[in-house]
Amino acid sequence: MNEGSEQQTMNTAIKLGAFALGLAAVFGGAAGVGAAVGPIDATAGTHKAESTVRNTSAHVPAGLQVSQDGYTLTPETTTITPGERTDFRFSVTGPDGEPVTRFEPLHGKPLHLIVARRDLSGFQHLHPTEAGGGVWTVPLTLPDPGPYRFFTDFKAASAAEQLTLGTDVTAPGDYRPRTVPPAGQVAKADGYEVELTGTLVPGRTSRLTLSVSRDGRPVTDLEPYLEAYGHLVALRDQDMAYLHVHPDGTPGDGRTRPGPDVTFEVEVPSPGRYRLYLDFQHGGKVRTAAFTAVAGNTAAPTAPAEEGGDDGHGHGH
């Protein structure tokens, strides 16, 4: 490695370490991480930040820790070549240091893998399969160079509660972060239009309703996806805190209609900007509509309709 690369690696580690310490000290604010434009060095790992965060207060939001309650997300690699289809393999180790092999289903799956680049683009919601011995595998492609955050959502059979762990994976190359789209109430996804109603309120549960239409007509025959008519992931800008979002009602409960409305209870811990990703299924295909929402600022500007497919969304079963 040349002197310039060594200096870049050191600067990256220092910035990320400082971010983690700041997050532990000032919970509730939208912590910031500087996003450098330029080459991403595969050796400039981000586990320094993770090792700092993992030992902080239990009040740290989900997804910011690689380890919690004795459980650790352990990928087999933290570097993936951008643009190439990769068999990503990982395990979740338990308090005894061994890979966990028994999980309780969450929304119909033993665990979920969420992937997004740190500029909140390139969202993917994947469902790995077990390769044996507690190792999980899923084919994926990271479309562009840059730092990505990988989250796994699970409940080990021996654990008291559901956990979300996160780790950083690097796609080396010329990282050019995208600007997070402004806040808006309408998003487009693969010919569908989704309208967002409701406001995020920091420190409280907010009720959000997303209404799906196509060609100007409400979609009233949404298909069940992950035991609901929609699945919502929320990520906080800057630090990528992962928020638990709960759907209202389930297919077959006798009261929940299959569209056009899908309602969620969302809890955001702090003022700031959040990216919301709605997965819904219609015509046998899962689609994603992405929104930017602002908590604590009701005067946020309304943006033109976004096209979800431009954000690099993907799905896995």
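This is a predicted model: local features need pLDDT of at least 70, side-chain atom pairs count only at pLDDT 80 or more; totals for chains, interfaces and linings use all residues.
User: What makes up the chain in terms of helices and strands, and how much of it is buried?

Analyst: The chain has two helices and 23 strands, and 50% of its 317 residues count as buried. Its exposed surface comes to about 14,000 Å², of which carbon and sulfur atoms supply 49%. Among contacts with a separation of 6 or more, 69% are between residues 24 or more positions apart.

User: Why are the rings of Phe88 and Phe150 called a tilted pair?

Analyst: A pair of aromatic rings is described by the distance of the centres and the angle of the planes. The centres of the Phe88 and Phe150 rings are 4.8 Å apart, and the limit for a pair is 6.5 Å. Their planes stand at 50°, while stacked rings need an angle under 30 degrees and edge-to-face rings one over 60, so the pair is tilted. It is one of eight aromatic pairs that a search of the whole structure finds.

User: How do you know that this pair links distant parts of the chain?

Analyst: Phe88 lies in strand β4 (residues 85-93) and Phe150 in strand β9 (residues 146-154), and the two are 62 residues apart.

User: Are Phe88 and Phe150 buried or exposed, and how do you know?

Analyst: The relative accessible area of Phe88 is 2% and that of Phe150 is 0%. Buried means under 20%, so Phe88 is buried, and Phe150 counts as buried too.

User: What makes strand β9 largely enclosed by the rest of the structure?

Analyst: Nine of the nine residues of β9 are buried, and therefore the strand is described in that way. Strand β9 also has pairing partners: seven bridges join it to strand β5 (residues 111-117), and nine bridges join it to strand β10 (residues 163-171). Both pairings are antiparallel.

User: What is the strand order of the open sheet of four strands?

Analyst: The order is β17-β16-β20-β21, again with antiparallel pairing, and the edge strands are β17 (242-243) and β21 (285-295). Strand β20 (residues 272-282) pairs with β21 over 11 bridges, and Gln281 has Val286 as its bridge partner in β21.

User: Why does Val245 count as buried, and which residues is it in contact with?

Analyst: Val245, found in strand β18 (residues 245-247), has a relative accessible area of 11%, and the cut-off is under 20%, so Val245 is buried. Leaving aside neighbours within four places in sequence, Val245 is in contact with Leu232, Ala234, Phe264, Glu265 and Val266. The C-alpha atoms of Val245 and Phe264 are 6.6 Å apart, although the two residues are 19 residues apart in sequence.

Key
Residues are numbered from 1 along each chain as its sequence is written. Side-chain values use heavy atoms; hydrogens and water are left out. Rings of Phe, Tyr and Trp (its six-membered ring) pair if their centres lie within 6.5 Å; planes under 30 degrees apart count as stacked, over 60 as edge-to-face and the rest as tilted. Buried means under 20% relative accessible area, exposed over 50%, partly exposed in between (1.4 Å probe, protein chains only). Two strands pair if DSSP finds at least two bridges between them. Contact means heavy atoms within 4.5 Å. Accessible areas come from the Shrake-Rupley method with a 1.4 Å probe; for residues, only the protein chains shown count as cover.
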